[in-house]
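Student: I would like to go through this structure with you. Please set each value against its definition.

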Amino acid sequence: MYRILHSQELAPNVHLFRISAAKVAAKAQAGQFVIVRVSEKGERIPLTIADWDEKEGSITIVFMTVGTTTHRLARLKAGDSITSFVGPLGLPSENKKFGTVICVSGGYAVAPIMPIARAMKKAGNRVISIVGARTKELLFWTDKVAAVSDQLIVTTDDGSYGRKGLVTEPLKELLEGAEKIDRVIAIGPSIMMKFCAKTTEPFGVKTVVSLNPIMVDGTGMCGCCRVPIGGVTKFACVDGPEFDGHQVDWALLMARQKTYLDEEKHSFEHWRHQHGAGCGS
Ligand code: FES
């Protein structure tokens, strides 16, 4: 069992857990993920590692409540335990000196992009971060990202904080500007990553995205997480989760992500019926 050392609601429906998992913390690197199971019969869900502390032997995960498992997870508090916590899984981010790197995050993906931006900065890159959210109250960790970036641009869809609009607007301006951009990393909802990749493609700037297809085992055996990359089938759990955004077949990826939507809805309705409407806490 893996004990929750600290829990916090970072924004409405977005939760942070710091979990005691010394063996995972000893090996964790930016870009990797863990697979979590809330109980013996629980579903396995992948969550990207948001941070780790080797000394404390802990891993930080940040997740949004969307379905049954994330709602069940969100009900746990510091002192409670999680049945299984497997990782670190997946290939780490490629961290080396590229030059100027733009790190773009959408929604709660600001959490997984923070250690990537930190590693990029440590490798000697000039790091420009663009953090986007729908509205001000959904923003968090902008201070952490600012601390590891040379420049931070915040956007909100409704203009309640920072620049009004989507992350792709400042991204395009930076690509059109005088400074040479050597690499873009985009993490967030698939649609946001797709449009970041579409924005960078005409400029020929390599764009890395972190994909989140359905996963089961997380070790390359079940085939659930297969994603078409440049016409070749790859497994996100062992070949990724990071891939060249210009090579992703976005339409197929997004169609596959919806495969079990009805079952997920049914499961959540059933769970909510059993646990009451205010099930987020
Ligand atoms: S999750 Fe099973 S092969 Fe990747």
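Student: Where does proline 88 lie?

Tutor: Proline 88 lies in strand β7. Strands are DSSP runs of E with at least two residues, helices are runs of H or I with at least four, and both are numbered from the N terminus. Bear in mind that this is a predicted model, where local features need pLDDT of at least 70, side-chain atom pairs count only at pLDDT 80 or more, and totals for chains, interfaces and linings use all residues. Residues are numbered from 1 along each chain as its sequence is written, and side-chain values use heavy atoms, with hydrogens and water left out.

Student: What makes the peptide bond from glycine 87 to proline 88 cis?

Tutor: Its omega is near -5°. The bond from glycine 240 to proline 241 is also cis, with omega near 15°. Proline 241 sits in the loop between α7 (236-239) and β16 (242-244). Most peptide bonds are trans.

Student: Why is histidine 15 called buried?

Tutor: Buried means under 20% relative accessible area, exposed means over 50%, and partly exposed is in between (1.4 Å probe, protein chains only). Histidine 15 has 7%, so it is buried. This residue belongs to strand β2 (residues 14-20). Its C-alpha atom is 6.7 Å from that of alanine 74, 59 residues apart along the chain.

Student: Is asparagine 13 buried or partly exposed?

Tutor: Partly exposed, because its relative accessibility is 39%. Asparagine 13 is in the loop between β1 (2-11) and β2. Its phi is positive, near 70°.

Student: What about tryptophan 141, which has a positive phi although it is not a glycine?

Tutor: Its phi is about 60°. At 9% relative accessibility, tryptophan 141 counts as buried. It is found in the loop between β9 and α4 (142-147).

Student: How do you know that the span of α3 agrees with its number of residues?

Tutor: The expected span is 1.5 Å times one less than the number of residues. For the 13 residues of α3 that gives 18 Å, and the end C-alpha atoms are 18 Å apart, so the two agree.

Student: Why is α3 called mostly covered?

Tutor: Ten of its 13 residues are buried. Among them are Val110, Ile113, Ile116 and Met120.

Student: How do you know that the buried residues of α5 line one face of the helix?

Tutor: In α5 (residues 168-176), Thr168, Pro170, Leu171, Leu174 and Leu175 are buried. Seen down the axis, these fall within an arc of 165°, so they line one face. The arc is that of the directions from the helix axis to the C-beta atoms. The buried residues of α5 pack against several elements, including β12 and α6 (190-200). Contact here means heavy atoms within 4.5 Å.

Student: What makes a space a cavity and not a pocket?

Tutor: On a 1 Å grid over the protein atoms alone, a cavity is a set of points where a 1.4 Å probe fits but cannot get out. A pocket is an open set with protein on both sides within 12 Å along at least five of seven lines, and lining residues have an atom within 4 Å of a point. Points are joined across faces, edges and corners, and a volume is the space filled by probe spheres set on them.

Student: How many cavities of 30 Å³ or more does the count give?

Tutor: One. The lining of the largest cavity includes Ser93, Ile116 and Glu242. Serine 93 touches Ile116 and Glu242, among others.

Note on methods:
Lists of a residue's contacts leave out its neighbours within four places in sequence.
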